[in-house]
Amino acid sequence: MFALFQTIDLVLNIYTWILIASAVFSWLYAFNVINSSNQFVNSVGMFLYNVTEPALKPIRRFLPNLGGIDISPIILLVIIFFLRTFLWTTLYPLVA
């Protein structure tokens with residue numbers, strides 16, 4: 001059972017870093033720091049978008065318009081932090 005909890009925690013941790021990378025990439029893309037016509041940069045951007053958008057889209061539906069500021073990644077990071085903490089402090093002691 002410990003292996004299952006560790007695997008779930010690892011997946012959530014990796015998704016956290018992908019979410020952070022996606023947010024940083026979107027800022028770099030918006031400010032023209034990276035070359036958007038480069039095929040590798042474009043494929044990395046599409047990968048990050050395709051991986052994070054299914055989780056961010058439902059959150060964006062409930063958020064009010066903040067004038068171009070997207071706080072949905074922050075909300076998702078808080079949810080992931082809560083899930084990881086809940087996993088180890090509440091669920092794991094019940095099954096250990």
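1. "Buried" here means under 20% relative accessible area, and a packing contact means heavy atoms within 4.5 Å. Keep in mind that this is a predicted model. On those terms, the buried residues of α2 pack against α1 (2-30) and α3 (72-95).

2. Which residues of α2 are buried? They are V41, G45, L48, T52, E53, L56 and I59. As for the pattern, residues three or four places apart point the same way, because an α-helix has 3.6 residues a turn.

3. α2 covers residues 39-62, 24 residues in total. From first C-alpha to last the helix reaches 34 Å, close to the 34 Å expected at 1.5 Å a residue. Have a look at E53, though: α2 bends there by about 50 degrees, with a proline, P54, following within four residues. E53 is also one of the buried residues of α2.

4. At the start of α2, check N38: a side-chain oxygen of this residue comes to within 3.1 Å of the backbone nitrogen of F40.

5. On to α1. The buried set of α1 includes F5, D9, Y15, T16 and S22, and the buried residues of α1 pack against α2 and α3. Just after the helix, N32 has a positive phi of about 55 degrees.

6. An unreviewed UniProt entry lists residues 12-30 and 71-95 under "transmembrane region". In the model, 12-30 is 100% helix with end C-alpha atoms 27 Å apart. The span 71-95 is 96% helix, with its end C-alpha atoms 35 Å apart.

Note on methods:
Residues are numbered from 1 along each chain as its sequence is written. This is a predicted model: local features need pLDDT of at least 70, side-chain atom pairs count only at pLDDT 80 or more; totals for chains, interfaces and linings use all residues. Side-chain values use heavy atoms; hydrogens and water are left out. Helices (H or I, at least four residues) and strands (E, at least two) are DSSP runs, numbered from the N terminus. The expected span of a helix is 1.5 Å times one less than its number of residues. The bend at a residue is the angle between axes fitted to the seven residues ending there and the seven starting there. Buried means under 20% relative accessible area, exposed over 50%, partly exposed in between (1.4 Å probe, protein chains only). A polar contact is a pair of N or O atoms within 3.5 Å; within protein, one must be able to donate a hydrogen and the other to accept it, and residues adjacent in sequence count only if both atoms are side-chain atoms. UniProt positions are given in the numbering used here, feature names are shortened, and annotations may be inferred rather than shown by experiment.
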